[in-house]
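Work through the exercises below with the model open. Try each task before you read its solution.

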Amino acid sequence: MFQPVPSKPDFVRQEHEILDFWKRTRAFQKLVELRKDGPRWSFIDGPITANNPMGVHHGWGRTYKDLYHRFWAMKGYQTRYQNGFDCQGLWVEVEVEKELGFRSKRDIENYGIERFVRKCKERVLRFAAVQTEQSIRLGYWMDWNDPEFLRDLARRIMENPQEVITVPGPHGPVTDTVEQIVGRLGLPELGGSYFTFSNENNYMIWTFLKRCWERGWLYKGTDVMPWCPRCATGISQHEIVTEGYQELTHPGVTLRFPLRGRPGESLLVWTTTPWTLTSNVAAAVGPDLTYVKVRQGDEVFYLSKGTLSILRGPYQVLEEMKGRALEGWTYDGPFDELPAQRAAGGPEAHRVILWDEVGEAEGTGIVHIAPGCGAEDFALGKQYGLPAIAPLDEEGTFVDGFGFLTGTSVVGSARRILENLQEKGLLYRVDNYTHRYPVCWRCGSELVFRLVDEWFISMDELRYDMMDVTRQIRWIPEFGLERELDWLRNMHDWMISKKRYWGLALPIWECKECGHFEVIGDEHELRERAVAGWDVFEGHTPHRPWVDAVRIACPKCGAEVSRIPDVGNPWLDAGIVSFSTLRYRTDREYWRQWYPADFITESFPGQFRNWFYSLLAMATVLEKSPPFKVCFGYATLLGEDGREMHKSWGNMIEFNEAADRMGVDVMRWLYCRQKPEADLLFGYGKADEVRRQFLLPLWNAYVFFVTYARLDEWMPGSAGFNLRYNLLDRWIRARLHQVVAKVTERLDDYDAYGATLALEPFLDDLTNWYIRRSRRRFWKSEHDEDKNTAYATLYEVLTTLCKVLAPFIPFVTEAMYQNLVRSVAQADSLRHEAPESVHHTLWPQADPAAVDEGLLARMDLARQIVSVGHAARNSANIKLRQPLARALVYVAQAESLRHGALEEELWALIQDELNVKELVQVADAADLVTYQVLPNNQLLGPRFGARFPAVRAALAAQDPMAVARRVRAGLPVHLTVAQADGLEEVELAPEEVLVQEKPKEGLAVASERGVTVAVDVVLTPELRAEGLAREVVRRVQNLRKEAGFELDDRIVTVYQAEGELAQAIGAWREYIAAETLSVELRAGEPEPGMATAEERVDGHPLRLGVRRI
RNA sequence: GGGCCUGUAGCUCAGUCGGUUAGAGCACUCCUCUGAUAAGGGAGUGGUCAGUGGUUCGAGUCCACUCAGGCCCA
């Protein structure tokens, strides 16, 4: 028999119980085993950065990932279930620096790179453990490592990385040093999540980079890069992203560049970065912009005409000229006294150059050019052969040759520079200027621009191949394709180097003697090529500092060559995973089976230029093929107030807190019911809505079923009755199979949202129509064919719904399944049909034969009639409990035709629902309604075209009643239409005219979409008595409930009432007794110990007493 | 400055192929139902479909432009 079910469930506690159940029964491992011979569905996980606990925004994506894994598994597919952790790169370094209280790279070097790198590994392992636990809590079924195992490795890697340990693996124990076990995580012999710091991941990137080098795409470039002075590293174009810009206020400095050979005359130049003035080389003007020569006091200035408002005080325009007229003029720079300026030849170079990009939106129309301090400046300097002066070292300190600035930081240098300019008399004015300025995306420091050597992959050829590959992929939503192509069209060469410590060791060995460089393709090649330092490196993972020890011989000059100290861009790490995790280097057959991924998904802001991009780049280089077939993107998770979540704004919700306050089924449904391309507003209000409108009704339907099935000891397949589906049964089964088909179709198309749009109305139909209308079938005392059919139908619906919902809300469906299916399937004969977990079951097949479209349409009409009938009753202010004599129903012809005639059973249902003694369908609603005739635009529009408005007007002028009669009788309508070119005789076919009814003014009539219902509001004494009797029943029922009686308790009821009420009770005695399970119903004083109530029924006092027998 | 997306009720959002009177949830007001329901049902209040112009017999829907917001790029 079914187990009793609490009507007020604690979903969160239940989720924890289910987690225990899954763990205890090894439910996930069993699923993998069950599907091991199935067809393959390949998923590649976009790695989550294992650097902090995961947030509720991760929950969104992980819900999709789990949903589709479960769906395909239920369809019989095997999948790889491999989660990924992103491990290397600046973001981890920054957090470790914070942990250790470091402020600069020098602190790291003093601490020791070796220990620092281990600290980074330790942090990653620690947070991988945390994220693993959180993911499990979400119900995300993956091949997870034991979090305690990861924590143990984290401890050991700090204590003694060379300790030899033995750990269990899927194919037997593995013995190695702690460092190497960590380096082998996620590989076939250890299983579990992949970690991008793994040996395989790193060496696979080496292979990729070597391929790029062989094709001549890898190069060292000198460029001016955005640079973070705190992190002391360049920031690539990929990284200056959403949070890469901030609104900042800087001094907007206007200053004089005195012109040589023109005494008293100066260019007016404007900048927001005073420190770059130290390295000024030229001044640029727009060739076609109009410039003016103005006198102010005894000075003469040049600036563009459109920026004259920058001048302070009166001025006189002396002359106008085009920018090209200024070309070649020479001037004295603001810092020509600095040795660095002189050494670089700055003073000799100072002149006016032309640049098309100069505008007048800000400044003076004359742009100060410092090729060592800005990317565009650098390009321009190259074009004009100007020297580039680089004033800053890695940490943003002025280098030698910059006088009073040397040895000081660029941060906060503006004040000293402005003072210096003031002393020299060059400063014209200073204003606050607010603009979007790039900042370091990890530490928030303002970026500067530095002239540096970095390593790049050229996009010249690659971008077009990548675009071809991109077009072969299905992007959901579709605009993803355009986004990705747009990025590919515009992106610069890919900067892959970073002057840091923790990350991919770029496999580039550059000869200091002759400048030649070699790229090493893997660990085997390195061993062969090594001429020194292999013994130092051997046994270590390919990270700094160990790999730095290895030297090779320069093939060009024979010199001993070291690796460049740079580490790699972290998107290399994530981009290689469609090769590294699929054994590309070691088991090509396996790789072929699983590549490309059928599906990937990530939040799309950002990923077009990051993970999607790097996956595409690497697959294009290595195989020139798409690494994934479908890319599903979703938007951004915001707080419920529509703003980004921030701790300081009070709208932040931690994952763990959300999980244990909302419950993760609620969270998961909330995620799935979101249109993915729209930002998700996440919060407790919305969660409560989901709980109340979806999860609770689902649970209530289940509670209802179990409650009565237990009373009746009903079991599936039991009873020995035939099934005879009544109308409601056939209807709900039609709906069920319709919905199963729809959900299957939507999930096949990776449209979880579309699936929820089908499921939510179905649940509503089930609870608010099928169950509500079927209640009496479960209540009645006979155990007959009809009752059995009702149970069987509801059982089929609930168990099927369980399966269809299982991928979305895996916990509550498991709880339901265990009770509905497992608890009654202990007999061996049923075992094979009842796997141990709902997640082991196969996806239900929709039965097209069950989907009776006609019935669905007729039920819609019936429900509409009910709805209109309710509205009619409502307008007369008559309670539904009060029976009425009759209702008149009129259904317009068009509606009847569309739906078909309603069967007797349906009319009975409507009659019962409206609580009327008689239901009369009227053929002519003339007494109920007035008519309105309208042209059928869809037919007449195309027929008459531009002549249509006149036809419409002519029709409107007719007597609606007369037209309606003709149309109703199937006769054409003749019109005389006044067109611009004279009168036109027109004949309209009946179907070309639409007849609508509107209820006549007055009480108790309502009308909607062709359906009109009128109710007879005259109350006879008999009807009144029946209404009162029903009131009494309800009061007794309430009393039973308050007294805590069981559903099937028999009772004794006594009452005290007078007059009309007493008569009504007398007249309806048997009815009241039967409804309330009263074996005795009599007038009298309540006995001592009875539960009692004092009521007023329609103004009459009523005293009740009840007791169990 | 360029690309992509969005703009519909107080809030959050649906709205199919251009076609009759633009819908839902939340919130608010009133009513109602209830032995599955901490629920449910009905009614009411609430709309310049961002704006302008165009195409069309007909535009929330298609086109152009403008405005506002978001994302991406410069």
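Two strands pair if DSSP finds at least two bridges between them. Helices (H or I, at least four residues) and strands (E, at least two) are DSSP runs, numbered from the N terminus.

This is a predicted model, where local features need pLDDT of at least 70, side-chain atom pairs count only at pLDDT 80 or more, and totals for chains, interfaces and linings use all residues. Residues are numbered from 1 along each chain as its sequence is written, chains are lettered from A and ligands numbered from 1 in the order in which they are written, and side-chain values use heavy atoms, with hydrogens and water left out.

**Exercise 1. Confidence**

Task: state the mean pLDDT of chain A.

Solution. pLDDT is the predictor's confidence in each residue, from 0 to 100. The mean for chain A is 86. In that chain, 94% of the residues reach 70 or more. For the complex, the predictor gives an ipTM of 0.81 and a pTM of 0.85.

**Exercise 2. The partners of strand 17**

Task: find how strand 6 and strand 17 pair, and over how many bridges.

Solution. Step one: strand 6 covers residues 218-228, and strand 17 covers residues 448-457. Step two: they pair in the antiparallel sense, over ten bridges. One residue to check is Thr222, whose bridge partner in strand 17 is Asp453. Step three: look at strand 19 (residues 494-495), which pairs with strand 17 in the antiparallel sense over two bridges. There, Ile457 has Trp494 as its bridge partner. Step four: check burial (buried means under 20% relative accessible area, exposed over 50%, partly exposed in between, with a 1.4 Å probe and protein chains only). Seven of the ten residues of strand 17 are buried, so the strand is largely enclosed by the rest of the structure.

**Exercise 3. Aromatic pairs**

Task: which kind of aromatic pair do Tyr219 and Phe456 form?

Solution. A pair of aromatic rings is described by the distance of the centres and the angle of the planes. Rings of Phe, Tyr and Trp (its six-membered ring) pair if their centres lie within 6.5 Å; planes under 30 degrees apart count as stacked, over 60 as edge-to-face and the rest as tilted. The structure holds 63 aromatic pairs. Tyr203 and Trp206 are both buried.

Now Tyr219 and Phe456: 5.4 Å centre to centre and 15° between the planes, a stacked pair. Tyr219 belongs to strand 6 and Phe456 to strand 17, so the pair ties together parts that are 237 residues apart in sequence. Tyr219 is partly exposed, at a relative accessible area of 30%. Phe456 is buried, at 6%.
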